[in-house]
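This report is written to be read beside the sequence and the 3D structure. Please have both open before going on.

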Amino acid sequence: MSGFLGTIERVGNMVPHPAIIFFILIGIVIILSVIFSAMGTSVTYEGYDPVISDIVTQTSSVRSLLSPDGIRFMVTSPVANFLGFTGVGVILVAMIGVGLAEESGLIATLVRKLVAAAPRSIFTFMIVMVGVLSSIAADAGYLVLVPLAAAAFHSMGRHPLAGLAAGFSGVAAVFLVNVFVTPTDALLVEVTNDSIRTVNPNAQITVVGNLFFMIASSILMGIICTILTEKFVEPRLGPYSGGLPVEASTELSEAEQRGLKYAGRALLIFVLVLAALTAPPLPWGILRNQETGGIMAGSPFMSGLIVLISLLFMCIGYAYGRGAGTIANVTAAIGLVVKTWSNLAGMIFLLFVIANFIAFFNFTNLATVLAVNLADFLQTTQLGATSYIILFVIVVAIIDIILTGALAKWAILAPVFVPLFMRLGGDPNLVLAAYRVGDSPMNVITPLNVYLAVMVGFAQKYQKDAGIGTIVALMLPYTIVLLVLWTLLLVAWYGFGLPLGPA
């Protein structure tokens, strides 16, 4: 396996710059769209329409990018595609605060403090579990935890890419489960219930329908990721020899200790202000959902979580800099933010290319046609319940390579498989649980995950020649092992008749 992964890394890093790869992929998509459009390829299926929140019959035909409409789309949409690409805004906004905290020295000081205080025996597990829990904060884990994990491993004299792998596995490979209910769960359940009503208008599931399975999966998959990191990934990487020196001492200077005190005070003030905006009941809870009074589903607090996290790091980063003497004034702080953004120039160009590849690919409807055909194949396959679950997980994993959005895939698959499982006497919660298992592990290796390029950028800080091949080879063991063991866990759960969540 180690030799196989080494081959993947070498071959992956021999390919051209990722931007060139996506230009080539755009060319391939154009050719395929012309061929399948000329063949009149189309699919008709029951799909979820988010506009009317209902299941409707939809027909998708492959559209040619060299048709008049396709050419107009390629000429007029690139700017809108880039500006509408969620990953771009998330990265830029998050890096305002996180970048300021890093450039001021706060991140490095916190890492040294963490390394000195954290128990070595469970340190990797802590990193992985924080990554698993970070899904409640949308994409923050990618931009905050993963670089912190790499820096923490480096400070401990361990290979930083092993830390990156541990953090990335928790954030992305175990993405659709948590010990808490997340906003994504509410959206998945909404689509599921609309699919259920096509069979039984009076039936529905709740957001806690998978809670028991989610909690067990979070902990067990976290343990598996920890074992993979410490027993396979880190030994394969060997001693770190990337050239970035390890901090010789974890002792903090007087200025650093003063900076941490200032940062602690800023953190306390920030938390108190945030509590004032969210804790009180309506109508004073400005960041609560103004219709339901809730703090999770549909609230400004959850919708603005990335902005709030950026503001938090901005406040504590600036406070630390003033206390430690690394930031003289606000103008100097702005200069550090500008410096952070300038370091993202290469990544922003790559995101521009990726955004347009995804937009062009979605325009052709090729992903929808493939997803529906795979769903039809599974629907017509005569298998037992256990084999059906396993095959469904595999199909979801395959589709995740080309259609990464968790909600987008479920909007296509739920109207097919939820009614099918119900007619076979199955529990809709089981279908959703199987979807969680199939969707998550592929996130760490699919090139259409925008954060894969971000991981390459983080890795290059420690290994200059790191590329897509490096990250894929690093994360492939997590994908394979999690898919197998997580599927076995689901099959065993079903076989023993355990409840997936509260009744």
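The structure is a predicted model, in which local features need pLDDT of at least 70, side-chain atom pairs count only at pLDDT 80 or more, and totals for chains, interfaces and linings use all residues. Residues are numbered from 1 along each chain as its sequence is written, and side-chain values use heavy atoms, with hydrogens and water left out.

**Nonpolar cores**

A nonpolar core is a set of buried Ala, Val, Leu, Ile, Met, Phe, Trp, Tyr and Cys residues joined through side-chain atoms within 4.5 Å. Buried means under 20% relative accessible area, exposed over 50%, and partly exposed in between (1.4 Å probe, protein chains only). The largest such core holds 167 residues, and F168 and W410 have the most contacts inside it. In soluble globular proteins, nonpolar side chains tend to be buried together.

Contact here means heavy atoms within 4.5 Å. With neighbours within four places in sequence left aside, F168 is in contact with Y142, V146, A173, N443, V444, N449, L452, M455, I471 and M475.

**Helix packing**

Helices (H or I, at least four residues) and strands (E, at least two) are DSSP runs, numbered from the N terminus. Axes are lines fitted to C-alpha atoms, for helices over the stretch in contact, and angles run from 0 to 180 degrees between N-to-C directions.

| Helix pair | Axis separation | Crossing angle |
|---|---|---|
| α1 and α22 | within 6 Å | roughly 155° |
| α7 and α9 | 6 Å | about 30° |
| α9 and α22 | within 10 Å | roughly 45° |

For orientation, angles under 35 degrees count as roughly parallel, over 145 as roughly antiparallel, 65 to 115 as roughly perpendicular and the rest as oblique. A crossing is right-handed if the near helix is turned clockwise from the far one by less than a right angle, and left-handed if anticlockwise. For residue classes, Ala, Val, Leu, Ile, Met, Phe, Trp, Tyr, Cys and Pro count as nonpolar, Asp, Glu, Lys and Arg as charged, and the others, Gly among them, as polar.

Helix α1 spans residues 2-14 and helix α22 residues 468-495. By their angle, α1 and α22 are roughly antiparallel to each other, and their crossing is right-handed. On the α1 side the contact is made by F4, L5, I8, E9, G12 and N13, and on the α22 side by I468, G469, T470, V472, A473, L476 and P477. The residues of this contact divide into 8 nonpolar, 4 polar and 1 charged.

From α9, L161, L164, A165, A166, F168, S169 and A173 take part, facing T470, I471, L474, M475, Y478, L482 and W486 of α22. This contact has 12 nonpolar, 2 polar and no charged residues.

Helix α9 (residues 160-173) packs as well against α7 (residues 123-133), again in a right-handed crossing. The residues involved are T124, I127, V128, G131 and V132 of α7 and A166, G167, S169, G170 and V171 of α9. By class they are 5 nonpolar, 5 polar and none charged.

**Single residues**

Helix α14 (residues 305-324) contains Y320 and S310. Y320 is buried at 2% relative accessibility, and S310 is buried at 4%. Leaving out neighbours within four places in sequence, Y320 is in contact with S104, G105, L106, T109, E256, G259, L260, A263 and T326. On the same terms, S310 is in contact with V93, A94, I96 and G97.

F363 sits in helix α16 and is buried at 8% relative accessibility. Not counting residues up to four places away in sequence, F363 touches R63, S64, L65, D69, G70 and F73. N365 is in the loop between α16 (345-364) and α17 (366-380). N365 is not a glycine, yet has a positive phi of about 70°; N365 is buried, with a relative accessible area of 17%.

Is P50 buried or exposed? P50 is exposed, at 61% relative accessible area, and lies in the loop between β1 (42-49) and β2 (54-61). P50 and E190 are 140 residues apart along the chain, and their C-alpha atoms are separated by 9.7 Å.
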